[in-house]
Structures are given as structure tokens and as C-alpha cells.
Amino acid sequence: MSCIKMKYEVPGDDFTRAGEASSMVKRKLKQLGYNPDAIRRVAIAMYEGEINMVIHAGGGVAEVEVYPDRVEIALIDQGPGIADVEMAMQEGYSTAPDNVRSLGFGAGMGLPNIKKYTDAMRIDTEVGKGTTMYLTVKAK
Amino acid sequence: MERYFHSVTLDADKCCGCTNCIKRCPTEAIRVRNGKAQIISERCIDCGECIRVCPHHAKKAKSDPLSIIENKKYKIAIPAPALFGQFNNLDDIDVVLTGLKEMGFDHVFEVSRGAELVSEATRRLMAEGKLQRPVISSACPAVVRLIRVRFPDLCAHVLPMDSPMEITARLAKKEAVEKTGLPMEEIGAYFITPCAAKVTDVKEPIGSGRSWVDGAISISEIFPKLSHVMDKLEQIEPIGCSGLIGVSWAGSGGEAAALLNEKYLAADGVENIIRVLEELEDERLRELDFVELNACSGGCVGGVLTVENAYVAKARLQRLRKYLPVSCNHLEKDFLPKMMWTDELEFAPVLNLSNDLEEAMRMMEEIDRICAELPGLDCGSCGAPSCRALAEDMVRGEARKSDCIFVLREQIQDMASTLSSMGGFIPKHHTEEEP
């Protein structure tokens, strides 16, 4: 089966560039004529993940694989890791600092939204080492 | 007949094949081929950016000549409110309206009147919760066309209502039928337009099968004669019937403010509106009820067929509307349903690589591969707006790699070194034997 691979660096030091990777992916999916609902869900879930990497982990890498029936996303960072994943998955739970909250981020909806918009979500995390999040969005 | 009508056209004699327009086009609809710009018809949204940016005035907006009004027995001018901002020291709209009558129109009916009805209808529909939020204004035809080709998910958010121009033409013609007893066919409504997109919208309306407008004459064509006539008026007729809501539609933010709801966003300028549409698409602007977008900076006063600077025009309108009543037009019973579009706004996938996903994926892999081999300068010398666009054109079979001057230079260098190394292989005794 054909597959298109994309890889983006998500810079951790420049908040104004957060969201660039997901918007590039969105652009490519549109050009492919990919299922619009899947594009929307990929764009939102990946955006949330990207923002998380910038806020919490000092950036990372986003690897995206596009298959005819699904999009696989891996968001890889070497940040502090998530101490309590179950807690982090709860709506409204946030450890974001005040400065990003004032921009409208850090409402504790990132991970719950990612879960909501994806068909599969797996988090591998180790405190002090980093987090990798695997997401799958199916094209229905 | 061509499949698509466009107001935006090229004067090939004036085009020198530079890269200004290809770089600015929001839908990458222009290529320079054989030294001249070419517009890819199905991609063009008639926003007029290329007209604005062309230093050689090779891009033009086609509109109807004033003489078109001779086609009908009873001629009604329907001026866009942007027209009122073109004149210095104007404090009464009726001077402009009377001037238009002097120029040969039998009647004048301002588009700001239709705009007030659109505002009221939008308020009502939003209060009833019948529209998908955030509602995106459909008044700017370039915006509607942009959404149609680039933002499939947002099509359902576009206000499915005729524009003030259409509503105005319809009301004006109905009124004229009653007043004159003439049949509808003998009555013409002529839009005095600030922009190219509206000209296209008259010829090829979106949303409803036909337009009520019989012609679109540019503000810039009418302006010299009209200002001359206005100077000589002896009597001013009380024709105008617009409030400040209607007149405010000429500038960015006017339509949104008329909804009397603070949860709105108004953006203007094509690059800005694309950024807003991207955010809307990613559902990042959930708190908004209404989004007003104008492709031209400043709103309609910034249209390419106006004569005055957009911000000067806007300042003049502020003065003009100062003592106007809030709104002079109100919906009559049962009119609202007639204002709605009959057709749904459908996504037009003209930017897609292929209708077949597997094929599109193969093409994209090829594009990525080619793109990595191009210099990445996005210089535009090949005639495409970026290296990536050239790679796309190549994969679509519309361009060659050697269209890139850097690739070509490398090829020539290779050829030159091959030639010189071949020259070095000539056996020595051969040359010695020469006489």
C-alpha cells in the first residue's frame, strides 16, 4: 500500500511557530483530496499535540504517515514526561504556566481533545525522559 | 464560450512576464508561460490581487461599459455604498444619486438598502439558531469563491443568502414594474461596482441560478463623468433611503457591526482572511458567532475598481453617515425566505492533484522527490510561484525541470565540462599532422 511520509521539527523556543507542522500536513492532505472529515480531525489533534510539545516539552518531532485509509501521527519529545497520564487525560486538568494561559492555551483540553478527534491514541511516557504519542485517524 | 467567466483578464501586450502576480495570487492560479502570464481559469477567484500588484497594468478587470444601459427601456442604477466614499466634501448621498439620474438613469436604488435587509435577515436567522456557527458572510464574492476552492469544511458555514446587490436589484426592478407598468424584461438594474469579483458574480452567480443584475459598471469608469455632473446640479432630489447600517457595509466591519452582537470577527485583505479561515477550519475560533471577511484591504472601499484610497474613502463615509438614521429598510413579511440561496455551496476541488487518492499519493511522492532536487529559492523565474508549484506542474505534465534556471545552468555546466573533457581526448599526433 502506498504511503506518504512527512517529518517536521517542532521548535520549542518559538511559540509563534507552534501549529506550523499541523497546518503543513493539512495542506498536503487537502491537495491529496483526502477525506475532509479525516483532514479536520488530523489538523485538530495534531495541532493540540504540537502545542503540548511546545508548552511542556521544549519542542520535538512530528512524524506523519499518510495511508489511503488512515493517517498515523507520532509526536516525539524529550521533555519532562507525564507523571500521571490518567490525570492528564481529564478535561480541565492543566500544568501549563500562566504566560501561555493568557494566550488562551492551557485550558486542560489538549489531551481530551486529541482523544476525541482520533480513532486510536497511545502515550509512551517516562518522567525525565520524554513522551511519544501515537495517534491514528481513520478515513471513513 | 469559455467554461468560466472571469472579470480579471490579461492584456498580453503589456505583460512582460515578471513574477509579481504569480507570487501574490492566493490560489496559485497564475503561471508565466512563453514570457506571458496565464490565468488558470478554474482556480481564479477574481479577487483582483494581481490587478493591484501588476506594475505594468497588464491585469485588468473587465466590466460593462456605461452604454450597456441602452439595452433596456427603464434603467436603474444600483450603486455600491463604496461609491459614496469617493467624493471629497460630500455630506449628502442624494447629490450622488441625483447625479446618477442626470447621467441617464431613470431611477437610482442604493445597494445599502438591500444591505440593511440582509443585516436584519441575518440577525433574525441567527437569533432563531438556524445557521451553523460561526456564520461566515457571503457578501464578498471573492471570499465565497476562495472558500469553495480551498476550505471544504467551511462551505456549510457560509451565509446562504443573496448579497445586498441581488436583493437590491430584485426590489428595485419589482418596484419599477409596479410604477411604470413595463414588463420585467424592459427594466434593467445596473450595479455600480467597486470590484472585479462582483462583475463575475453578476455573470456567474453562486447560490442562486440567476442574477437580477443586468450589468456591472465600474466606479472608476463612472467617476469622472459623475463628479462633473454633480458639480453642476441645480436641484437635489430626495432619492436616498439608507441608514448608517447600510452605508457602513462599504468598509470592513460594517456588516458585522450591524448584527448588534459583539461576538464577531471582521478581517480584510486576502492574506489575513486566509489566516482566519485556517483557524476557523481547525475549530480554533469557537467563541465567535459571525465572521465578516473582505478580500480587499479596508473592505469594499478597497476594491480595484474604485478611485480613492480605501482609508480615505472610509473616513469620508464616517462623516457621511453621521446624521443618518440607524436603518431605513425593514423586512416585509414573507420576504426573508426569498432571500435565501436556492443552491448549496459546493466544494470545488480544483487544487486537488487527482480524483483518485492512490494516484494523488503517487503524484505527491513524486512532487516531494522533485522538490528536494530544486533549489528552494521560490524565485518564480520558471513561471510558477514556488519551487513546490513547479514540481506540481511537472507532475501534472505542464512544466519541465529545465524551466528552473538553476537546474538549466547546472545542465549547461555539465554539458560544458563534458565538451571540454571530450576536447581533451583528441589524440596528440592527430593535431601534429595538421598542416
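Predicted model: local features only at pLDDT ≥ 70, side-chain atom pairs only at ≥ 80, totals over all residues.
In chain A, five strands form an open sheet in the order S1-S2-S3-S5-S4, with antiparallel pairing. Strand S1 (4-11) and strand S4 (120-126) are the edge strands of this sheet, each pairing on one side only. From one strand to the next, the twist averages 10°. The antiparallel pairing of S1(A) with strand S2 (residues 59-66) of chain A extends over 8 bridges, and within this pairing A:Lys5 has A:Glu65 of S2(A) as its bridge partner. Helix H1 (residues 20-32) of chain A lies across both S1 and S2 of chain A, and its direction makes an angle of about 160° with S1(A).

Chain B contains an open sheet of 4 strands, ordered S6-S5-S8-S9 and paired in parallel. Its edges are formed by strand S6 (107-108) and S9 of chain B, each of which pairs on one side only. Strand S5 (residues 74-79) of chain B is joined to S6(B) in the parallel sense by 2 bridges, and B:Ala77 stands opposite B:Val108 of S6(B). Two helices of chain B are placed against this sheet. Helix H6 (residues 164-180) lies across S5, S6 and strand S8 (187-193) of chain B, at about 150° to S5(B). Helix H8 (residues 219-231) lies across S8 and S9 of chain B, running at about 60° to S9(B).

Nonpolar side chains tend to be buried together in soluble globular proteins. In the present model, the largest nonpolar core has 161 residues, of which A:Val42, B:Ile76 and B:Ile78 touch the most other members. Helix H2 (residues 36-57) of chain A gives the most to this core, contributing 13 residues. Beyond its neighbours within four places in sequence, B:Ile78 is in contact with a set of residues that includes B:Phe109, B:Val111, B:Met165, B:Ala169, B:Ala172, B:Tyr190 and B:Ile192. B:Ile78 is also 9.3 Å from B:Ala216, C-alpha to C-alpha, although the two are 138 residues apart in sequence. B:Ala216 itself belongs to strand S9 (residues 215-218) of chain B. This residue counts as buried because it has 28 C-beta neighbours inside 10 Å, where 20 or more are required. When residues up to four places away in sequence are left out, the contacts of B:Ala216 are B:Ser63, B:Asp64, B:Phe191, B:Thr193, B:Lys198, B:Val199 and B:Val202.

Between the chains, 18 residues of chain B are in contact with 14 residues of chain A. On the side of chain B, helix H14 (residues 357-373) makes the greatest contribution, with 7 residues. The residues of chain B that touch chain A comprise 8 nonpolar, 3 polar and 7 charged.

Chain B is assigned domain 1 (8-61), domain 2 (66-339) and domain 3 (357-419). The centres of domain 1 and domain 3 of chain B, taken over C-alpha atoms, are separated by 21 Å. Contact between these two domains involves 8 residues of domain 1 and 5 residues of domain 3. On the domain 1 side, helix H1 (20-24) and strand S2 (30-33) of chain B are the elements that give two or more residues, with the largest share, 3 residues, coming from S2(B). By class, this side of domain 1 has 3 nonpolar, 1 polar and 4 charged residues. Elsewhere in chain B, B:Gln411 is located in helix H16 (residues 405-424) and counts as partly exposed, because 13 C-beta neighbours lie inside 10 Å.

Several loops of chain B carry particular backbone features. The peptide bond from B:Arg133 to B:Pro134 is cis, with omega near -10°; B:Pro134 is situated in the loop between helix H4 (111-127) and strand S7 (135-136) of chain B. B:Glu28 is not a glycine, yet its phi is positive, at about 50°. The loop between H1 and S2 of chain B holds B:Glu28, which counts as partly exposed because it has 18 C-beta neighbours inside 10 Å. A positive phi, near 70°, also occurs at B:Asp334, in the loop between helix H12 (310-320) and helix H13 (336-339) of chain B. With 7 C-beta neighbours inside 10 Å, B:Asp334 is therefore classed as exposed.

Terms used
Residues numbered from 1 in each chain as written. Chains lettered and ligands numbered in written order. Pairing = 2+ DSSP bridges. Axes fitted to C-alpha atoms, helices over the stretch in contact; angles between N-to-C directions. Contact = placed C-beta atoms within 7 Å. Buried ≥ 20, exposed ≤ 12 C-beta atoms within 10 Å, placed from the backbone. Core = buried A, V, L, I, M, F, W, Y, C linked by C-beta atoms within 7 Å. Nonpolar A, V, L, I, M, F, W, Y, C, P; charged D, E, K, R; others polar. Domains from an automatic or database assignment.
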